[in-house]
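Look at the sequence and the model below.

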Amino acid sequence: MLFALGLTAQAQTVRNSYNSTVAKIESNGTVRNANNAYIGKFDGSTIRNKNNSSVGSISSDGTIRNGYGSVVCKIYNDGTVRDGMNRTLGKVESGGTVRNANNSTIGSGNGVKREWLAAYFFGNFFN
């Protein structure tokens, strides 16, 4: 007996500070909003919007740039996120909790890559 294998990528839920679902990010980088509509994708080092246009990038050192090449933010090894002027924006903890510069929780994404969470919460690529 043969079984069909589902090809759907595993999705992780992204939540806001009120624990409401705001997005789902699939293991292949696809980003969907709370209504399951496609809103973009992390495509290798490229960040794409809902029209699949390149709107940013993530480099191997954690630097996140907009579509014009300007630094939006950078995530460091300890999870700290700083803007292009080296001001602390917040932190993405190893468990997926995202905090702002005042250490208040602004969201979470357990199982989502830290770089993707930094781009989602601090880069405003999918609004």
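Phe-126 is buried, with a relative accessible area of 10%. Here buried means under 20% relative accessible area, exposed means over 50%, and partly exposed lies in between, with a 1.4 Å probe and protein chains only. The model is a predicted one, in which local features need pLDDT of at least 70 and side-chain atom pairs count only at pLDDT 80 or more, while totals for chains, interfaces and linings use all residues. Residues are numbered from 1 along each chain as its sequence is written, and side-chain values use heavy atoms, with hydrogens and water left out.

**Aromatic rings**

The whole structure holds 4 aromatic pairs. Rings of Phe, Tyr and Trp (its six-membered ring) pair if their centres lie within 6.5 Å; planes under 30 degrees apart count as stacked, over 60 as edge-to-face and the rest as tilted. Tyr-120 and Phe-121 have ring centres 5.2 Å apart and planes at 75 degrees, so this pair is edge-to-face. Tyr-120 also forms a stacked pair with Phe-126, at 6.0 Å centre to centre and 20 degrees between the planes. Both Tyr-120 and Phe-121 are buried, and the relative accessible area of Tyr-120 is 12%. Ring pairs join Phe-42, Trp-116, Tyr-120, Phe-121 and Phe-126 into a cluster.

Ser-57 sits in strand 6, residues 54–58. Strands (E, at least two residues) are DSSP runs, numbered from the N terminus. With 25% relative accessibility, Ser-57 is partly exposed. Which residues does Ser-57 contact, leaving aside its neighbours within four places in sequence? They are Ser-45, Thr-46, Ile-47, Thr-63, Ile-64 and Arg-65, where contact means heavy atoms within 4.5 Å. Ser-70 is 13 residues from Ser-57 in sequence, and their C-alpha atoms are 10.0 Å apart.

**Salt bridges**

Side chains of opposite charge can pair when their charged atoms come close. A salt bridge is a side-chain nitrogen of Lys or Arg within 4 Å of a carboxyl oxygen of Asp or Glu, and the count by this rule is 5. The table lists some of them.

| Arg-48 | Asp-43 | 2.9 Å |

Lys-74 is partly exposed at 22% relative accessible area, and Asp-61 is partly exposed at 42%. Arg-48 is partly exposed at 22%, as is Asp-43 at 34%. In the remaining row, Arg-87 is partly exposed at 48%, whereas Asp-83 is buried at 13%.

Two strands pair if DSSP finds at least two bridges between them. Strand 9 (residues 80–82) pairs with strand 10 (residues 88–92) in the antiparallel sense over 3 bridges. These two strands form a hairpin with 5 residues between them, and Asn-86 in the turn has a positive phi of about 70 degrees. Strand 10 also pairs with strand 11 (residues 97–100), in the antiparallel sense over 3 bridges. This hairpin has 4 residues between its strands, and Gly-96 takes a positive phi near 100 degrees. Lys-91 in strand 10 stands opposite Thr-80, and Lys-91 also stands opposite Arg-99 in strand 11.
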